[in-house]
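Subject: Structure for your records

Dear colleague,

Please find the structure below, with its sequence.

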Amino acid sequence: MSDRRIVVAGASLAGAQAAQTLRRQGFEGVIELIGDEAHAPYNRPPLSKKYLAGEADYDSLRLRSMADPAELNVDLQLGRRVSGLDVGNQTLQVTSLADAATVEVSYDGLIIATGARARRLPGVDLDGVFELRTVDDADRLRAEFEAGPARVVVIGAGFIGAEVAATAREAGLAVTLVEAEEAPLQRVLDRDAGMAIVDLHRGHGVDVRLGVGVQRLVGEQRISGVELADGTVIDADVVVVGIGVIPNTEWADDSGLAIDNGVVCDATCLAAPNAVAVGDVARWDHPRYGLIRSEQWDNAVEQGSFGAKRLLAAWTGDPVEPFAPIPSFWSDQYDRKIQLSGVPSDNVEIVQGSLAEQRFVQLYIDGQGRPTGALTWNRPRQSMQARMLLDNDAELDEMREALGG
Ligand SMILES: Cc1cc2nc3c(=O)[nH]c(=O)nc-3n(C[C@H](O)[C@H](O)[C@H](O)COP(=O)(O)OP(=O)(O)OC[C@H]3O[C@@H](n4cnc5c(N)ncnc54)[C@H](O)[C@@H]3O)c2cc1C
(Lines give C-alpha, C1' and ligand atoms only; values in the text may rest on other atoms or scores of the structure.)
Protein backbone atom coordinates (compact mmCIF):
# COMPACT_ATOMS: atom_id res chain seq x y z
CA MET A 1 0.00 0.00 0.00
CA SER A 2 3.05 2.24 0.16
CA ASP A 3 2.43 3.58 -3.36
CA ARG A 4 -1.11 4.76 -2.52
CA ARG A 5 -2.22 8.32 -1.90
CA ILE A 6 -4.88 9.28 0.61
CA VAL A 7 -6.18 12.82 0.57
CA VAL A 8 -7.90 14.24 3.64
CA ALA A 9 -10.13 17.21 2.76
CA GLY A 10 -10.41 19.49 5.81
CA ALA A 11 -7.55 19.96 8.28
CA SER A 12 -9.29 20.18 11.62
CA LEU A 13 -10.29 17.78 14.38
CA ALA A 14 -11.75 14.88 12.37
CA GLY A 15 -9.26 15.21 9.50
CA ALA A 16 -6.21 15.37 11.78
CA GLN A 17 -7.46 12.41 13.78
CA ALA A 18 -7.95 10.44 10.56
CA ALA A 19 -4.44 11.26 9.31
CA GLN A 20 -2.88 10.21 12.61
CA THR A 21 -4.89 6.97 12.64
CA LEU A 22 -3.77 6.08 9.11
CA ARG A 23 -0.16 6.15 10.29
CA ARG A 24 -0.96 4.31 13.51
CA GLN A 25 -2.56 1.60 11.40
CA GLY A 26 0.68 1.25 9.47
CA PHE A 27 -0.32 3.02 6.23
CA GLU A 28 2.96 3.96 4.55
CA GLY A 29 1.74 5.78 1.45
CA VAL A 30 1.27 9.51 0.87
CA ILE A 31 -1.13 11.43 3.15
CA GLU A 32 -2.14 14.92 2.04
CA LEU A 33 -4.08 16.87 4.65
CA ILE A 34 -5.61 19.89 2.92
CA GLY A 35 -7.22 22.75 4.81
CA ASP A 36 -8.50 26.17 3.82
CA GLU A 37 -7.67 27.89 7.11
CA ALA A 38 -4.29 29.51 7.65
CA HIS A 39 -3.84 27.69 10.97
CA ALA A 40 -2.55 24.24 11.78
CA PRO A 41 -5.36 22.03 13.15
CA TYR A 42 -6.73 23.33 16.46
CA ASN A 43 -9.45 22.66 19.00
CA ARG A 44 -12.63 24.74 18.76
CA PRO A 45 -14.38 24.18 22.13
CA PRO A 46 -12.17 26.68 24.04
CA LEU A 47 -13.07 29.39 21.49
CA SER A 48 -16.34 30.12 23.28
CA LYS A 49 -14.91 29.42 26.75
CA LYS A 50 -11.38 29.93 28.11
CA TYR A 51 -9.83 31.23 24.91
CA LEU A 52 -12.55 33.86 24.48
CA ALA A 53 -12.12 34.77 28.14
CA GLY A 54 -8.38 35.32 27.58
CA GLU A 55 -7.53 32.46 29.95
CA ALA A 56 -6.04 30.16 27.31
CA ASP A 57 -3.48 31.04 24.66
CA TYR A 58 -3.22 30.03 21.01
CA ASP A 59 -0.65 27.29 21.65
CA SER A 60 -3.00 25.52 24.02
CA LEU A 61 -5.51 25.11 21.18
CA ARG A 62 -3.14 23.10 18.97
CA LEU A 63 -4.25 19.53 18.38
CA ARG A 64 -1.93 16.90 19.81
CA SER A 65 -2.80 14.51 16.96
CA MET A 66 -1.12 16.92 14.52
CA ALA A 67 1.55 18.43 16.80
CA ASP A 68 4.29 17.39 14.38
CA PRO A 69 3.03 16.65 10.84
CA ALA A 70 6.60 16.03 9.63
CA GLU A 71 7.17 13.32 12.21
CA LEU A 72 3.95 11.63 11.07
CA ASN A 73 5.06 12.18 7.49
CA VAL A 74 1.80 14.01 6.72
CA ASP A 75 1.87 16.62 3.99
CA LEU A 76 -0.14 19.37 5.71
CA GLN A 77 -1.26 21.93 3.14
CA LEU A 78 -2.83 25.05 4.63
CA GLY A 79 -4.55 27.91 2.79
CA ARG A 80 -5.77 25.49 0.12
CA ARG A 81 -9.38 24.67 -0.62
CA VAL A 82 -10.72 21.50 -2.16
CA SER A 83 -12.94 23.05 -4.82
CA GLY A 84 -14.21 20.08 -6.82
CA LEU A 85 -14.49 16.31 -6.78
CA ASP A 86 -15.15 13.57 -9.30
CA VAL A 87 -15.76 10.33 -7.44
CA GLY A 88 -15.84 8.29 -10.66
CA ASN A 89 -12.33 9.32 -11.69
CA GLN A 90 -11.09 9.70 -8.10
CA THR A 91 -9.83 13.23 -8.67
CA LEU A 92 -10.07 16.47 -6.73
CA GLN A 93 -9.66 20.10 -7.70
CA VAL A 94 -7.55 21.99 -5.17
CA THR A 95 -7.39 25.79 -5.23
CA SER A 96 -4.74 27.91 -3.56
CA LEU A 97 -6.30 30.79 -1.61
CA ALA A 98 -3.13 32.83 -2.16
CA ASP A 99 -3.24 33.00 -5.96
CA ALA A 100 -6.46 31.14 -6.93
CA ALA A 101 -4.40 28.63 -8.94
CA THR A 102 -6.22 25.30 -9.22
CA VAL A 103 -4.60 21.90 -9.66
CA GLU A 104 -6.01 18.44 -10.13
CA VAL A 105 -5.07 15.83 -7.54
CA SER A 106 -5.84 12.15 -7.92
CA TYR A 107 -6.40 9.89 -4.93
CA ASP A 108 -6.63 6.24 -4.06
CA GLY A 109 -8.52 7.04 -0.87
CA LEU A 110 -10.43 10.16 0.20
CA ILE A 111 -11.42 11.24 3.69
CA ILE A 112 -13.97 14.05 3.64
CA ALA A 113 -13.68 16.15 6.80
CA THR A 114 -14.73 19.64 5.74
CA GLY A 115 -16.88 20.17 8.84
CA ALA A 116 -19.38 22.99 9.12
CA ARG A 117 -19.48 26.77 9.23
CA ALA A 118 -21.56 29.14 11.32
CA ARG A 119 -24.92 30.10 9.86
CA ARG A 120 -25.12 33.86 9.24
CA LEU A 121 -28.08 36.20 9.43
CA PRO A 122 -28.94 36.93 5.79
CA GLY A 123 -28.18 40.38 4.42
CA VAL A 124 -26.25 41.59 7.47
CA ASP A 125 -22.97 43.38 6.87
CA LEU A 126 -22.41 45.59 9.89
CA ASP A 127 -19.27 46.03 11.95
CA GLY A 128 -19.63 44.61 15.42
CA VAL A 129 -21.66 41.56 14.32
CA PHE A 130 -19.90 38.22 14.78
CA GLU A 131 -20.30 34.50 14.31
CA LEU A 132 -17.98 32.16 16.17
CA ARG A 133 -16.46 29.17 14.41
CA THR A 134 -12.78 29.85 13.85
CA VAL A 135 -9.89 31.09 15.93
CA ASP A 136 -9.87 34.24 13.78
CA ASP A 137 -13.53 34.84 14.75
CA ALA A 138 -12.59 34.30 18.40
CA ASP A 139 -9.66 36.73 18.20
CA ARG A 140 -11.89 39.46 16.78
CA LEU A 141 -14.59 38.86 19.38
CA ARG A 142 -12.10 38.71 22.23
CA ALA A 143 -10.70 42.10 21.20
CA GLU A 144 -14.23 43.53 21.23
CA PHE A 145 -14.94 42.11 24.69
CA GLU A 146 -11.64 43.52 25.98
CA ALA A 147 -12.64 46.96 24.72
CA GLY A 148 -15.54 46.85 27.22
CA PRO A 149 -18.71 47.28 25.16
CA ALA A 150 -21.72 48.66 27.04
CA ARG A 151 -23.94 45.76 25.96
CA VAL A 152 -23.47 42.47 24.12
CA VAL A 153 -26.50 40.89 22.49
CA VAL A 154 -26.30 37.19 21.72
CA ILE A 155 -28.83 35.92 19.16
CA GLY A 156 -29.65 32.25 19.68
CA ALA A 157 -29.46 30.38 22.98
CA GLY A 158 -27.98 27.17 21.61
CA PHE A 159 -24.84 25.86 23.28
CA ILE A 160 -22.45 28.23 21.56
CA GLY A 161 -24.65 31.29 22.13
CA ALA A 162 -25.14 30.31 25.77
CA GLU A 163 -21.40 29.77 26.30
CA VAL A 164 -20.55 33.13 24.72
CA ALA A 165 -23.16 34.80 26.93
CA ALA A 166 -21.63 33.14 30.02
CA THR A 167 -18.09 34.16 29.04
CA ALA A 168 -19.16 37.76 28.36
CA ARG A 169 -21.05 37.92 31.64
CA GLU A 170 -18.09 36.54 33.58
CA ALA A 171 -15.99 39.28 32.00
CA GLY A 172 -18.39 41.74 33.63
CA LEU A 173 -20.21 42.75 30.46
CA ALA A 174 -23.95 43.45 30.26
CA VAL A 175 -25.51 40.69 28.16
CA THR A 176 -28.89 40.10 26.52
CA LEU A 177 -29.58 36.62 25.19
CA VAL A 178 -32.37 36.44 22.60
CA GLU A 179 -34.03 33.14 21.71
CA ALA A 180 -36.87 32.76 19.20
CA GLU A 181 -38.20 29.57 20.84
CA GLU A 182 -40.18 29.55 24.09
CA ALA A 183 -37.40 27.44 25.65
CA PRO A 184 -33.88 26.98 24.32
CA LEU A 185 -32.33 23.75 23.10
CA GLN A 186 -35.66 21.97 22.76
CA ARG A 187 -34.38 19.76 19.95
CA VAL A 188 -31.24 18.85 21.90
CA LEU A 189 -32.54 18.57 25.48
CA ASP A 190 -35.97 18.56 27.09
CA ARG A 191 -37.93 21.70 27.89
CA ASP A 192 -37.21 21.74 31.63
CA ALA A 193 -33.49 21.31 31.11
CA GLY A 194 -33.59 24.14 28.56
CA MET A 195 -35.34 26.32 31.12
CA ALA A 196 -32.76 25.33 33.75
CA ILE A 197 -30.14 26.84 31.43
CA VAL A 198 -32.24 30.00 31.24
CA ASP A 199 -32.40 30.11 35.07
CA LEU A 200 -28.64 29.64 35.24
CA HIS A 201 -28.10 32.66 33.01
CA ARG A 202 -30.72 34.81 34.70
CA GLY A 203 -29.10 33.93 38.03
CA HIS A 204 -25.87 35.41 36.68
CA GLY A 205 -27.57 38.59 35.55
CA VAL A 206 -28.13 37.88 31.85
CA ASP A 207 -31.25 39.48 30.39
CA VAL A 208 -32.82 36.47 28.64
CA ARG A 209 -35.64 37.12 26.13
CA LEU A 210 -37.54 34.02 25.05
CA GLY A 211 -40.12 33.38 22.34
CA VAL A 212 -39.22 36.45 20.32
CA GLY A 213 -37.36 36.51 17.02
CA VAL A 214 -35.10 39.20 15.63
CA GLN A 215 -36.73 41.57 13.15
CA ARG A 216 -33.58 43.35 12.02
CA LEU A 217 -30.21 44.61 13.10
CA VAL A 218 -29.99 48.39 13.48
CA GLY A 219 -27.00 50.52 12.51
CA GLU A 220 -25.38 52.45 9.67
CA GLN A 221 -21.91 51.00 9.36
CA ARG A 222 -21.64 49.59 12.86
CA ILE A 223 -24.28 47.80 14.88
CA SER A 224 -26.19 49.98 17.32
CA GLY A 225 -29.16 47.81 18.23
CA VAL A 226 -31.26 44.73 17.68
CA GLU A 227 -34.94 45.16 16.83
CA LEU A 228 -37.08 42.26 18.00
CA ALA A 229 -40.24 40.98 16.32
CA ASP A 230 -42.35 42.62 19.04
CA GLY A 231 -40.90 46.03 18.12
CA THR A 232 -38.53 46.32 21.13
CA VAL A 233 -35.10 47.67 20.26
CA ILE A 234 -32.18 46.54 22.44
CA ASP A 235 -29.11 48.75 22.32
CA ALA A 236 -26.07 46.73 21.31
CA ASP A 237 -22.38 47.49 20.78
CA VAL A 238 -21.56 43.92 19.89
CA VAL A 239 -23.84 41.20 18.51
CA VAL A 240 -22.95 37.53 18.41
CA VAL A 241 -25.05 35.35 16.13
CA GLY A 242 -25.32 31.73 17.31
CA ILE A 243 -28.02 30.22 15.13
CA GLY A 244 -26.46 26.92 14.17
CA VAL A 245 -24.16 25.64 11.46
CA ILE A 246 -24.22 24.62 7.81
CA PRO A 247 -22.18 21.61 6.64
CA ASN A 248 -19.44 22.53 4.15
CA THR A 249 -20.49 20.49 1.12
CA GLU A 250 -20.90 22.98 -1.75
CA TRP A 251 -17.51 22.03 -3.18
CA ALA A 252 -18.86 18.50 -3.71
CA ASP A 253 -22.23 19.46 -5.22
CA ASP A 254 -21.41 18.06 -8.68
CA SER A 255 -19.22 15.22 -7.48
CA GLY A 256 -21.59 12.28 -7.67
CA LEU A 257 -21.83 12.14 -3.86
CA ALA A 258 -25.24 12.19 -2.18
CA ILE A 259 -25.46 15.57 -0.46
CA ASP A 260 -28.37 16.25 1.88
CA ASN A 261 -27.63 18.23 5.02
CA GLY A 262 -24.11 16.78 4.91
CA VAL A 263 -22.38 14.05 2.94
CA VAL A 264 -24.70 11.05 3.09
CA CYS A 265 -22.89 7.79 3.93
CA ASP A 266 -23.76 4.21 4.70
CA ALA A 267 -23.52 2.76 8.20
CA THR A 268 -19.75 2.42 7.84
CA CYS A 269 -19.23 6.07 6.79
CA LEU A 270 -18.57 5.10 3.17
CA ALA A 271 -19.82 7.86 0.86
CA ALA A 272 -18.51 6.48 -2.46
CA PRO A 273 -15.99 3.82 -3.48
CA ASN A 274 -12.73 4.63 -1.64
CA ALA A 275 -14.25 7.73 -0.02
CA VAL A 276 -15.46 8.16 3.56
CA ALA A 277 -16.92 11.17 5.35
CA VAL A 278 -16.20 11.97 9.02
CA GLY A 279 -16.95 14.62 11.63
CA ASP A 280 -19.47 17.46 11.43
CA VAL A 281 -19.92 17.09 7.65
CA ALA A 282 -20.86 13.38 7.71
CA ARG A 283 -24.47 12.20 7.77
CA TRP A 284 -24.34 8.48 8.22
CA ASP A 285 -26.79 5.69 8.80
CA HIS A 286 -26.40 5.03 12.52
CA PRO A 287 -27.76 1.56 13.37
CA ARG A 288 -29.67 2.92 16.41
CA TYR A 289 -30.76 6.35 15.27
CA GLY A 290 -30.97 6.21 11.46
CA LEU A 291 -29.42 8.99 9.34
CA ILE A 292 -27.77 11.46 11.69
CA ARG A 293 -25.16 14.19 11.56
CA SER A 294 -23.31 15.01 14.74
CA GLU A 295 -21.82 18.39 15.66
CA GLN A 296 -19.84 17.11 18.62
CA TRP A 297 -16.18 16.97 19.50
CA ASP A 298 -16.22 13.34 20.71
CA ASN A 299 -17.85 12.24 17.50
CA ALA A 300 -15.32 14.05 15.29
CA VAL A 301 -12.47 12.26 17.08
CA GLU A 302 -14.09 8.82 17.06
CA GLN A 303 -15.40 9.08 13.51
CA GLY A 304 -12.08 10.45 12.22
CA SER A 305 -10.38 7.35 13.56
CA PHE A 306 -13.10 5.04 12.37
CA GLY A 307 -13.13 6.53 8.86
CA ALA A 308 -9.39 6.02 8.44
CA LYS A 309 -9.69 2.35 9.43
CA ARG A 310 -12.74 1.93 7.20
CA LEU A 311 -10.83 3.21 4.19
CA LEU A 312 -7.92 0.86 4.80
CA ALA A 313 -10.27 -2.08 5.36
CA ALA A 314 -11.55 -1.67 1.79
CA TRP A 315 -8.02 -2.56 0.64
CA THR A 316 -7.08 -5.19 3.20
CA GLY A 317 -10.44 -6.96 3.16
CA ASP A 318 -10.67 -6.68 6.97
CA PRO A 319 -14.25 -6.98 8.27
CA VAL A 320 -16.10 -3.68 8.81
CA GLU A 321 -18.65 -3.02 11.54
CA PRO A 322 -21.11 -0.12 11.38
CA PHE A 323 -20.10 3.11 13.16
CA ALA A 324 -22.48 3.06 16.11
CA PRO A 325 -21.24 5.27 18.97
CA ILE A 326 -23.43 6.57 21.75
CA PRO A 327 -23.40 10.33 21.09
CA SER A 328 -21.97 12.51 23.82
CA PHE A 329 -21.59 16.23 24.28
CA TRP A 330 -20.50 18.68 26.93
CA SER A 331 -20.96 22.41 27.48
CA ASP A 332 -19.25 24.59 30.09
CA GLN A 333 -21.25 27.57 31.30
CA TYR A 334 -20.12 29.48 34.42
CA ASP A 335 -19.15 26.75 36.89
CA ARG A 336 -21.51 24.16 35.38
CA LYS A 337 -20.45 21.23 33.23
CA ILE A 338 -23.49 20.11 31.27
CA GLN A 339 -23.13 16.69 29.61
CA LEU A 340 -25.44 14.64 27.46
CA SER A 341 -24.87 10.98 26.65
CA GLY A 342 -27.23 9.31 24.19
CA VAL A 343 -30.26 11.13 22.87
CA PRO A 344 -33.12 12.95 24.61
CA SER A 345 -36.78 11.94 24.69
CA ASP A 346 -39.95 13.55 26.06
CA ASN A 347 -40.06 11.25 29.07
CA VAL A 348 -37.62 12.39 31.76
CA GLU A 349 -36.74 11.06 35.20
CA ILE A 350 -34.36 12.77 37.61
CA VAL A 351 -32.44 10.10 39.52
CA GLN A 352 -30.08 12.31 41.47
CA GLY A 353 -30.11 15.96 42.62
CA SER A 354 -32.59 18.49 41.28
CA LEU A 355 -32.99 21.19 38.66
CA ALA A 356 -33.28 23.76 41.45
CA GLU A 357 -29.83 22.79 42.79
CA GLN A 358 -28.48 22.93 39.22
CA ARG A 359 -26.67 19.69 39.94
CA PHE A 360 -28.44 16.55 38.82
CA VAL A 361 -28.54 13.35 36.80
CA GLN A 362 -31.61 12.72 34.68
CA LEU A 363 -32.54 9.87 32.38
CA TYR A 364 -34.39 10.05 29.09
CA ILE A 365 -36.76 7.13 28.53
CA ASP A 366 -38.53 6.00 25.37
CA GLY A 367 -42.14 4.79 24.93
CA GLN A 368 -41.11 1.19 25.68
CA GLY A 369 -39.51 2.15 28.98
CA ARG A 370 -35.95 1.89 27.68
CA PRO A 371 -33.32 4.52 28.54
CA THR A 372 -32.22 6.59 25.52
CA GLY A 373 -29.91 9.07 27.18
CA ALA A 374 -28.67 10.77 30.33
CA LEU A 375 -28.19 14.46 31.05
CA THR A 376 -25.87 15.43 33.89
CA TRP A 377 -24.97 18.77 35.43
CA ASN A 378 -21.67 18.81 37.30
CA ARG A 379 -21.62 15.03 37.44
CA PRO A 380 -18.80 14.05 35.02
CA ARG A 381 -18.28 10.58 36.47
CA GLN A 382 -21.95 9.68 36.08
CA SER A 383 -21.90 11.02 32.55
CA MET A 384 -19.11 8.64 31.53
CA GLN A 385 -20.84 5.80 33.33
CA ALA A 386 -24.10 6.57 31.55
CA ARG A 387 -22.41 6.43 28.16
CA MET A 388 -20.96 3.00 28.92
CA LEU A 389 -24.28 1.71 30.24
CA LEU A 390 -26.14 2.96 27.18
CA ASP A 391 -23.53 1.35 24.97
CA ASN A 392 -24.16 -1.94 26.76
CA ASP A 393 -27.94 -1.60 26.28
CA ALA A 394 -28.49 -1.38 30.03
CA GLU A 395 -32.07 -1.63 31.32
CA LEU A 396 -33.74 1.33 33.01
CA ASP A 397 -33.50 -0.16 36.52
CA GLU A 398 -29.79 -0.80 36.11
CA MET A 399 -29.23 2.80 35.07
CA ARG A 400 -31.40 4.12 37.90
CA GLU A 401 -29.37 2.12 40.39
CA ALA A 402 -25.95 2.93 38.95
CA LEU A 403 -26.55 6.65 38.51
CA GLY A 404 -28.98 7.37 41.32
CA GLY A 405 -26.61 6.85 44.25
C1 LIG B 1 -16.96 27.80 19.49
C2 LIG B 1 -17.20 26.31 19.48
C3 LIG B 1 -17.35 25.63 20.69
C4 LIG B 1 -17.57 24.26 20.70
N5 LIG B 1 -17.72 23.62 21.90
C6 LIG B 1 -17.98 22.29 21.91
C7 LIG B 1 -18.16 21.61 23.15
O8 LIG B 1 -18.11 22.21 24.23
N9 LIG B 1 -18.43 20.28 23.12
C10 LIG B 1 -18.49 19.57 21.94
O11 LIG B 1 -18.74 18.35 21.96
N12 LIG B 1 -18.31 20.20 20.75
C13 LIG B 1 -18.06 21.53 20.71
N14 LIG B 1 -17.88 22.17 19.50
C15 LIG B 1 -18.02 21.38 18.25
C16 LIG B 1 -16.70 20.76 17.78
O17 LIG B 1 -15.67 21.70 17.83
C18 LIG B 1 -16.90 20.24 16.38
O19 LIG B 1 -17.80 19.15 16.47
C20 LIG B 1 -15.60 19.84 15.70
O21 LIG B 1 -14.78 20.94 15.49
C22 LIG B 1 -15.87 19.15 14.37
O23 LIG B 1 -14.65 18.84 13.76
P24 LIG B 1 -14.55 18.60 12.19
O25 LIG B 1 -13.10 18.36 11.93
O26 LIG B 1 -15.54 17.61 11.76
O27 LIG B 1 -15.01 19.97 11.50
P28 LIG B 1 -14.47 21.44 11.63
O29 LIG B 1 -13.87 21.65 12.98
O30 LIG B 1 -15.56 22.33 11.18
O31 LIG B 1 -13.28 21.50 10.57
C32 LIG B 1 -13.44 21.46 9.19
C33 LIG B 1 -12.23 22.11 8.55
O34 LIG B 1 -12.30 21.97 7.15
C35 LIG B 1 -12.06 23.22 6.53
N36 LIG B 1 -12.72 23.22 5.22
C37 LIG B 1 -14.04 23.43 4.94
N38 LIG B 1 -14.26 23.31 3.62
C39 LIG B 1 -13.05 23.03 3.06
C40 LIG B 1 -12.62 22.79 1.73
N41 LIG B 1 -13.49 22.81 0.70
N42 LIG B 1 -11.32 22.54 1.51
C43 LIG B 1 -10.42 22.50 2.54
N44 LIG B 1 -10.77 22.74 3.81
C45 LIG B 1 -12.07 22.98 4.07
C46 LIG B 1 -12.66 24.20 7.52
O47 LIG B 1 -12.19 25.52 7.31
C48 LIG B 1 -12.15 23.61 8.83
O49 LIG B 1 -10.83 23.97 9.08
C50 LIG B 1 -17.65 23.55 19.47
C51 LIG B 1 -17.50 24.24 18.26
C52 LIG B 1 -17.28 25.61 18.25
C53 LIG B 1 -17.14 26.35 16.93
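This is a predicted model: local features need pLDDT of at least 70, side-chain atom pairs count only at pLDDT 80 or more; totals for chains, interfaces and linings use all residues.

Residues are numbered from 1 along each chain as its sequence is written.

Domains. The chain is divided into domain 1 (5–117 + 245–316), domain 2 (120–241) and domain 3 (335–404); these bounds come from an automatic or database domain assignment. The centres of domain 1 and domain 2, taken over C-alpha atoms, are separated by 30 Å. Their contact takes 12 residues from domain 1 and 13 residues from domain 2, where two residues are in contact if their C-beta atoms, placed from the backbone, lie within 7 Å. The side of domain 1 that touches domain 2 has 6 nonpolar, 3 polar and 3 charged residues. In this classification, Ala, Val, Leu, Ile, Met, Phe, Trp, Tyr, Cys and Pro count as nonpolar, Asp, Glu, Lys and Arg as charged, and the others, Gly among them, as polar.

Ligand. Of the 36 residues around the ligand, Gly10, Ser12, Arg44, Gly115 and Gly279 come nearest; a residue is near a molecule if its C-beta atom, placed from the backbone, lies within 6 Å of it. By class, this shell has 17 nonpolar, 11 polar and 8 charged residues. Domain 1 and domain 2 each give at least three residues to the shell. At least two residues each are supplied by α1 (13–24), β4 (80–86), α6 (297–316) and β23 (328–333). Helices (H or I, at least four residues) and strands (E, at least two) are DSSP runs, numbered from the N terminus.

Helix pairs. α1 and α6 pack at an angle of about 35°, with their axes 7 Å apart. Axes are lines fitted to C-alpha atoms, for helices over the stretch in contact, and angles run from 0 to 180 degrees between N-to-C directions. The contact of α1 with α6 has 8 nonpolar, 7 polar and 1 charged residues. Helix α7 (residues 380–391) and helix α8 (residues 396–404) pack at about 160°, with axes 10 Å apart. α7 is therefore roughly antiparallel to α8 (an angle over 145 degrees). Gln382, Gln385, Ala386 and Leu389 in α7 meet Glu398, Met399, Ala402 and Leu403 in α8.

Conventions. Angles under 35 degrees count as roughly parallel, over 145 as roughly antiparallel, 65 to 115 as roughly perpendicular and the rest as oblique.
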